[in-house]
Every structure is written in structure tokens, then in C-alpha cells.
Amino acid sequence: MTNNKLIISPSPHIHGNDTVEKNMYGVIVALLPALLVSFYYFGIGAMAVTAVSVLSCIAVEYLVQRFLLKGENTITDGSAIVTGLLLSLNLPSNLPLWIVVIGAVAAIGIGKMPFGGLGNNIFNPALVGRVFLLISFPAQMTTWVPAGSPGNYPDGETGATPLALLKYGHTEEIDTLNLLLGNVGGSLGETCSIALLLGLIYLLWKKIITWHIPVSILLSAGIFAWLINENPLLHLLSGGMLLGAIFMATDYVTSPMNKRGMLIYGVCIGVLTIIIRKWSDYPEGMSFAILIMNAFTPLINTYVKPKHFGEVKKKWQN
């Protein structure tokens, strides 16, 4: 007698020869250009923030899995490393390291493991950590060391980011070439646009992600910015727009499952980001927009769910 088993597992459901580990480590490779540029511009500060963020995320996941969930060790699948890297890229290089640890605890301990770990979380863990720190430590999270002054860690001259200049109408002070090269103040991953685009090319080449989410976010954000008389190019190259569109909104677990859903999700993120940037007290809106749409992902999946094969639409009869 044949013993046929129906194996049910949580997302991400990857079809083909790929594995979760392979895709997670592929994301790490794609993040390397942006990471190396941040080390070049921010020096020891960026290295310290990144190391503490990654190690703290791994440690928190291990401790929760080992002593609270009492399940199989999951730190080798690479997801904790990805969360740590993405969290660090959302932080300033002069952030006190004890605050980085708190961010890692929030990312893994609140945003991921209480839901059951990878595949069950409804919000992007790195963004949960970032928003938690932004609300809890707003002064430290919005104090920036200018790029090109790596020796100023942790005490250095602070300066306005391109998004702050954009929000208050000082666009003449923003150099587009510096945005492309990364020679601007901001979080570690908000600097070099070219490095982030190289990461996008790698992810698309390896088929780790598809174009639907990043392209729909960037197009909708650019078009909406143009419609409200804002500079589309500066919005696309400033802040966390590219980092969020390429690496965070495309998270397998918290984004829609099919291509139509991805387009809806991406357009909403792009428009929400510009709305928050333009009319809220925060100069940046990418993190909030992605988390809001993470919450709507189940509804989007329901709306775009394909019909079952052979299904006939019911007709109401009097």
C-alpha cells in the first residue's frame, strides 16, 4: 500500500529548484554593493551598526526559537541575516549601538517570531524594527552624519538629508549626481542609488524577484509626484524609495502572491509614500507605506484569487 502524504508548509512557496536559503543568500549578495558604499562613506560607524544589527537579529531569533518556541533551529536559513542587514541599512551610522540592539529585538521579537517565524509574519520584520525605533527614539533616528566623514562616529556634524530639503522646498541644494553616487547624508541604505540598482539587476537576473513590485512602486510614485507638481526624479532617488521598492516591498511572505496583486500592491505603496512625504510631519513615508500595504496583502490576495478550474459563477434566482 502506498503511503501518500500531503505535506503542508508555511510560505514562502517557491516553485522550482530554489530553496529559502538560496534565495536569502542571493538577497545578501544583492545588498553587498549598497553595504560596501555605506562603509566607504560612513566608515567605522556603518560597520559597527551593521555588525551589531546582524548579530543581534541572529541571537534574538536563536533565543526565541530555542527557549520559547522550542522548535528547530532556523538561524541558518539566512532570513535573520537579511533582516539584520536591512535593518542596519535603515539606520543612521551614528546611532548608539544599544539602540540598534533594541531595534533588532523589535524586528525579530515583535515582527517575526511571535507569528511563528519565517513564513508566518504579516509585517516586514526589518521595517517593524525601523518604525519602532523611529517612534521611540525620534531624535537619534533623525540625526545624520554627512557622507564622506567616516571619522566623525559617533559624534559628528549633522546635516539635512535630501528628503528634508525636498520637503521644505530647497530643491536647489540637492545634487542629483550626489544622489546617484551616494555622497549625501541619511541612513546607510538611503545613499547610493547606483548600488541599489545594481542589486535590483542581480535579483532580476537570478529570478529571486520579478519586476512587478519595484517597477509599479517607482512608476506610481514618479507619476503621482509629477501630478502634484513635485520633482519625480528627486523623489525616486532620495530617501528609502529604492531600498524599499527593491528589497523590502518584495519580501515573499508579506507581499501578494500573483502578478496582478503585486501591481496593485506596488501602486498603492508608491502613491502612499508620496502622500506621506508631502502632507505628513515625516519627510519619509516608504516604511509606513510598506507596512500599511503588508496589512492589506491578505485582502489583495483574496481579491485577485483565480477561479477554481471548472468553477461556474452562481446566479441568484428569485
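How are helices α10 and α12 oriented to each other, roughly parallel or roughly antiparallel? The close-up views below, taken from a predicted model, begin with this pair.

**View 1. Helix α10 packs against helix α12.** Helix α10 spans residues 212–227 and helix α12 spans residues 241–248. Their axes come within 8 Å and cross at roughly 150°. Because angles over 145 degrees count as roughly antiparallel, α10 and α12 are therefore roughly antiparallel to each other. The crossing of this pair is right-handed. On the α10 side, the residues in contact are Ile-213, Pro-214, Ile-217, Leu-218 and Ala-221; they meet Met-241, Leu-242 and Ala-245 of α12. By class, this contact of α10 with α12 has eight nonpolar residues, no polar residues and no charged residues.

**View 2. Helix α1 contains a kink.** Helix α1 is formed by residues 20–42, which are 23 residues. From its first C-alpha to its last, α1 reaches 32 Å, close to the 33 Å expected at 1.5 Å a residue. The kink, of about 40°, lies at Leu-32, shortly before the proline Pro-33. Just after α1, Gly-43 takes a positive phi of about 60°.

**View 3. Helix α2 packs against helix α4.** Two packed helices are described by the angle between their axes and the distance between the axes. For α2 (residues 44–68) and α4 (residues 97–109), the angle is about 40° and the axes are 8 Å apart. That angle makes α2 oblique to α4. The crossing of α2 and α4 is right-handed. Among the α2 residues in contact with α4 are Ala-48, Val-52, Ser-56 and Glu-61. The α4 residues they face across this contact include Leu-97, Val-101, Ala-104 and Ile-108. By class, the contact of α2 with α4 has 11 nonpolar, three polar and one charged residues.

Definitions and conventions:
Residues are numbered from 1 along each chain as its sequence is written. This is a predicted model: local features need pLDDT of at least 70, side-chain atom pairs count only at pLDDT 80 or more; totals for chains, interfaces and linings use all residues. Side-chain values use heavy atoms; hydrogens and water are left out. Axes are lines fitted to C-alpha atoms, for helices over the stretch in contact, and angles run from 0 to 180 degrees between N-to-C directions. Helices (H or I, at least four residues) and strands (E, at least two) are DSSP runs, numbered from the N terminus. Angles under 35 degrees count as roughly parallel, over 145 as roughly antiparallel, 65 to 115 as roughly perpendicular and the rest as oblique. A crossing is left-handed if the near helix is turned anticlockwise from the far one by less than a right angle, and right-handed if clockwise. Contact means heavy atoms within 4.5 Å. Ala, Val, Leu, Ile, Met, Phe, Trp, Tyr, Cys and Pro count as nonpolar, Asp, Glu, Lys and Arg as charged, and the others, Gly among them, as polar. The expected span of a helix is 1.5 Å times one less than its number of residues. The bend at a residue is the angle between axes fitted to the seven residues ending there and the seven starting there.
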